[in-house]
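Welcome, and thanks for taking a look at this model. The report below moves from its pockets to its core and then to a few local details.

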Amino acid sequence: MKYIFATILCLGFFESAIAQQQLTLQQVRELAVANNIVTRSADNALIQAQEQQKEAKTNYFPQVNAVGVGFKTNVDMVKANIATDEVIPSSLAQLIPTELAVKIPANIPVNMVDHGLMVGVTAVQPLYMGGQIINGNRLAKVNVEAKQLQSQTSKKTVLLQAEQYYWQIITLKEKQKTLDVVGDMLSNLEKDASVAVKSGVGMRNDLLSVQLKQNEVESARLKLDNGLKLARLVLAQYIGMENKDIDVSADGDLLQMPVYPAIKVDHNQAVNELPEYQLLQKNVEATNLQYKLEIGKRMPSLGIGAGYSYYNMGKGTNNNFASMFVTMSIPISGWWGGSHAIKRSKLVEDNAREQLAINTQLLKIRMQKDWNDLDDAYKQLELSRKSIEQSKENLRLNSDYYHAGTVTMNDLLIAQQQYQQCRDRYTDAYSQLQLKMVEYRQSIGALE
């Protein structure tokens, strides 16, 4: 039965390990870009802009319209009286016998057209529209380019957030490892203290102090486990795997000190490559084209067209004809209010140019700040690494002194707590360094 029970436990553990999917940082990044709602929305916005550009191109082609009208009336639409002397010439009227001439009325009523059909089609080719068609197409192209840049910025935002969730999980898992190390230390201390108490050479309060410390470690472990479960759920939802059990794995040993990240660039040059900067430029282009469109609305428009019409007013009156025509429209009164609209759009363009100048400086400042944060994070990691070595040596010495009887159990537990805190601070500093590198790469446009 023992073997059967052990086999069942092993199978259950094996199935659990299979069900849980381990993800690397690169896999997390790829899944986030592919499945996150932010990137999908940005892609949809780009497709909408592309469709709008295609729609704008159709304005170059002739505008074709067809119209058809059919009708039936309850009375004839055309009514008239025709004089008899206009229908019957006087030379013929003299030949008509007198008895018949009396019966001919002076006027003959005529009624016609109680139904009919009219169909026509026209095509007008715009020749000059004040630049509205050309500038409208240019504006649509600028909009597509802006949406492409927004898609890039959305992707980088998603990557940054995904890496933040990733390193949050890695940090919690490393703190679990620290608790495992501390737990093993306390287990050995408990054994030594228990043996000493039973042998009569140790104090019971030392054993109780160790056990209390074990309780604290166990409590911290429970909090870490709950935080880790929640962090995994958040990451799974963010990368589109909300219905799966996932975990992440570190690419290397976090306890190994990384080399200094030599990734600094010339911020004055890097700013020109930023999607955020290029978006500001596109905004200037767009406002300039909108200004030209406002002017174009007040310019004359010229077009040439052709048409074909057919009509049947009943009683065999089938007629059709083709025509050529020229159209011209001059919006004379449009300049009364249009001049104010033109001035307003010009002011909008001026504001866009000022925003480009100001935000360019702010982007450079952000680059420098992110680099300063990165440099500071690496220095903090160096200090944390030194603190681990010092606290580890301090713990070793206190352990030797305790077994030699020169320090108390409380001194040893304090040294153990300091070692735990130094390892946790190192883990936090390591994750912070990774995030600061991501933020700096994002600020210089190198996050891919």
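## The second largest pocket

The lining of the second largest pocket is made up of 9 nonpolar, 1 polar and 2 charged residues. In this count Ala, Val, Leu, Ile, Met, Phe, Trp, Tyr, Cys and Pro are nonpolar, Asp, Glu, Lys and Arg are charged, and the others, Gly among them, are polar. Among the lining residues are Trp167, Pro258, Tyr430, Met437 and Arg441. The pocket has a volume of about 170 Å³. Two elements, α7 and α12 (409–443), each give two or more residues to this lining, and α12 gives the most, with 6 residues.

A word on terms: on a 1 Å grid over the protein atoms alone, a pocket is an open set of points where a 1.4 Å probe fits, with protein on both sides within 12 Å along at least five of seven lines, and lining residues have an atom within 4 Å of a point. Grid points are joined across faces, edges and corners, and a volume is the space filled by probe spheres set on the points.

## Basis of the model

This is a predicted model, in which local features need pLDDT of at least 70 and side-chain atom pairs count only at pLDDT 80 or more, while totals for chains, interfaces and linings use all residues. Residues are numbered from 1 along each chain as its sequence is written, and side-chain values use heavy atoms, with hydrogens and water left out.

## The largest pocket

The largest pocket holds about 230 Å³ of space. Its lining has 14 residues, and Val201, Gly202, Met203, Asp206 and Tyr402 lie nearest the centre. Both α7 (132–199) and α11 (334–404) give two or more residues to this lining, with α7 giving the most, 4 residues. By type, the lining divides into 8 nonpolar, 4 polar and 2 charged residues.

## Overall fold and core

The protein chain contains 12 helices and 8 strands; these are DSSP runs numbered from the N terminus, with helices (H or I) of at least four residues and strands (E) of at least two. Of its 448 residues, 34% count as buried, meaning under 20% relative accessible area with a 1.4 Å probe, protein chains only. Among contacts (heavy atoms within 4.5 Å) with a separation of 6 or more, 86% are between residues 24 or more positions apart.

The largest nonpolar core has 63 residues, of which Val28, Ile239, Val248 and Met409 touch the most other members. Such a core is a set of buried Ala, Val, Leu, Ile, Met, Phe, Trp, Tyr and Cys residues joined through side-chain atoms within 4.5 Å. Elements that each supply at least two residues of this core include α2 (25–35), β6 (246–248) and α10 (275–297), while α12 contributes the largest share, 13 residues. A second, separate core of 5 residues includes Leu139, Ala286, Leu289 and Leu293.

## Tyr166 and Val28

Tyr166 sits in helix α7 and counts as buried because its relative accessibility is 1%. Leaving aside neighbours within four places in sequence, Tyr166 is in contact with Thr24, Leu25, Val28, Val248, Ser249, Ala250 and Asp251. The C-alpha atoms of Tyr166 and Ser249 are 9.0 Å apart, although 83 residues separate them along the chain. With the same exclusion of sequence neighbours, Val28 contacts Leu23, Ala162, Tyr166, Leu235, Ile239 and Val248.

## Helix α8 and its end

Helix α8 (residues 204–238) has 35 residues and reaches 51 Å from its first C-alpha to its last, close to the 51 Å expected at 1.5 Å a residue. That expected span is 1.5 Å times one less than the number of residues. Just after α8, Gly240 takes a positive phi of about 80°.

Note on methods: Buried < 20%, exposed > 50% of the residue type's maximum accessible area, 1.4 Å probe, protein only.
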